[in-house]
Amino acid sequence: MNYLSVENISKSYGEKVLFEDISFGINKDQKVAFVAKNGSGKTSILNIIANLDVPDSGQVVSRKGISIAYLAQKDDINPDLTIEETIFATDNKILSIVNQYEKALKNIENGDAYQAAFDLMDQHNAWDFETQYRQILSKLKLEDLSLKVGSLSGGQKKRLSLAIVLINKPDLLILDEPTNHLDLEMIEWLEAYFAKEKITLFMVTHDRYFLERVCDEILELDEGKIYKYKGNYSYYLQNKEERLALEATNLGKAKSLFKKELEWMRKQPKARTTKSKSRIDDFHQIKDKAHQRRKDHKVQLEINMERLGSKILELHKLQKSFGDKVILDGFDYVFKRGERIGIIGKNGTGKSSFLNIITEKAPVDGGKVVVGETIKFGYYTQSGITIKPGQKVIEVVKEFGEFIPLTKGRKISASQLLERFLFDKKKQYDFVEKLSGGEQKRLYLCAVLIQNPNFLILDEPTNDLDVVTLNVLESFLLDYPGNLLVVSHDRYFMDKIVDALFVFRGEGVVENFPGNYSDFRAYENSNEAEEAPVEKVIEKKVEEKKKSKNTLSFDEKREFGSLEVEIERLQKRKLTIENQFLNVEIDADDIPKKSEELQEIANELEEKEERWLELSMKQED
């Protein structure tokens, strides 16, 4: 069943033609990835499909009655609403029933309202929906629903936007770089969610493991044409190579034919017969084919890197906190020449702060950072380029010099360097503000590399880069002879370029792991198999509730609902007292009293949880 058809659409901005006569379709239950170079119009196509923009020509036709949701790169959420208000600000009927039930639980003494809400949940089979809704919020770390959107970080807003589209379950979900700003744990959960859910997806993503494990079709916009690959990322790579090889063969044949036809053209007299005029028309077509050339330049920079001395970088008992939040707690490490280390961990565990400490852009609370005399850092930060009004692309590079030294006494000009980073001569004189987000990141990367660093530090370098540029960057980094330290949520990228990991666990714990990301996941999975995490117990309880068949009496239903509220209240009270002990906020005289209260809460909590489980299992019978 066809959900959406894109028919011969075109889009230009002034003289710049993004794409012309593009056509493709999206069918029910397909999971389609859209791949193209930065600046070729990926986001513009998504905006047109989502009805946020209009094409210059052509049209987009969607099936009548289907719901379409769009997760853009930039969040558009009302900052004055709470997380809960934002989630429930929808016309989704089932979600409004869940909202009514949630409110009834908070006012359990109103038995009529609670029973009405409970019956509605039953009538519309909303229990599964409620369970999934809570699991999505939990997995995306959106626990405190009372927080105002305006107080959230960029990453939290991204997770909220993602939660909204997942909870509402549209017929067609359009995603623009959904893994940006998510940590590895969330990316892997989202990947597993999409892989198992029967959902229709159309997405732009640079995450190649995501492409491999989720997508069943890849559309590529290349040199103005759409190419379809019915398979995952591995299939796409294999078949693209075959296509390019065939194109190269055809180009060679076209060039030979062009030479032959050119000789004929030169020999022709001025007077033309009808037959010769037809051949002349064919000649111009042959000429166009023969002069086609791809712009897939390889970044081959044999940088004349400054020599690394015996002392590289030493970190001695580093301490760093932000208020009560501990980032580093006595971290030690001595870097060796040529090490390639990746940094992973959940958002908020201090990865970027660690890089700022190493580069002495942020102070430490204790300990010492010792940088070798020969070390020259190249630091690529998440903030990217500072755009100066009216500045052109080539001017950004020329701020660091007119020429760049290479090995064997060679050098290249700033313009030649930009060409190797996929900026042709025309593009070099564009204003920086006209570049796409990915092109700006590529320019910034170029500006960092040409400073000839021997210790390269990259903070999320893969965000917003297209797959073509990522392959080019990886090729460069594999040949890079200096030290490399990189923070990235791109698992494919990390597997290719790092040999070891710093794993930020939170609370100041940083572990040194000898291997790449896949090695680490295999190690973690083997450990998880030996343990019984608390999360599994919680998920089991949620699953038990999900299977409810409503065999409880009226009084038991009310008790079941009130137990959830009581358990949550007791858990919060228990946590508050435990934190008071941890932060030494209790007077010595009050310690016995508080200890007794804590024990009473623990006992009551255990009792209520057992009763909750008993009622939950009774519903199954």
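Start by selecting Arg 491 and Asp 207: both are buried (under 20% relative accessible area, with exposed meaning over 50% and partly exposed in between, using a 1.4 Å probe and protein chains only). You're looking at a predicted model, where local features need pLDDT of at least 70, side-chain atom pairs count only at pLDDT 80 or more, and totals for chains, interfaces and linings use all residues. Residues are numbered from 1 along each chain as its sequence is written, and side-chain values use heavy atoms, with hydrogens and water left out.

Stay on that pair. Arg 491 makes a salt bridge with Asp 207, with 3.1 Å between the closest N and O atoms (the rule: a side-chain nitrogen of Lys or Arg within 4 Å of a carboxyl oxygen of Asp or Glu). Arg 491 sits in helix α17 (residues 491-497) and Asp 207 in the loop between β7 (200-204) and α8 (208-214), so the contact ties together parts 284 residues apart in sequence. Helices here are DSSP runs of H or I with at least four residues, strands are runs of E with at least two, and both are numbered from the N terminus.

Next, pick Glu 185 and Lys 346. Their side chains meet in a salt bridge at 3.2 Å, N to O. Glu 185 is in helix α7 (residues 184-196) and Lys 346 in the loop between β12 and α11 (351-358), 161 residues apart. Both ends are partly exposed: Glu 185 at 36% relative accessibility, Lys 346 at 41%. By this rule the count comes to 20 salt bridges.

Now go to strand β18 (residues 483-487). Its 5 residues are all buried, so the strand is largely enclosed by the rest of the structure. Asn 483, Leu 485 and Val 487 cover one side, Leu 484 and Val 486 the other. Show the neighbours too: β12 (residues 340-345) pairs with β18 in the parallel sense over 4 bridges (pairing takes at least two DSSP bridges between two strands), and β17 runs parallel to β18 with 5 bridges.

Asp 21, at about 50°, is in strand β2 (residues 16-27) and is exposed at 54% relative accessible area. Asn 452, near 60°, lies in the loop between α15 (437-449) and β17 (455-459) and is buried at 9%.
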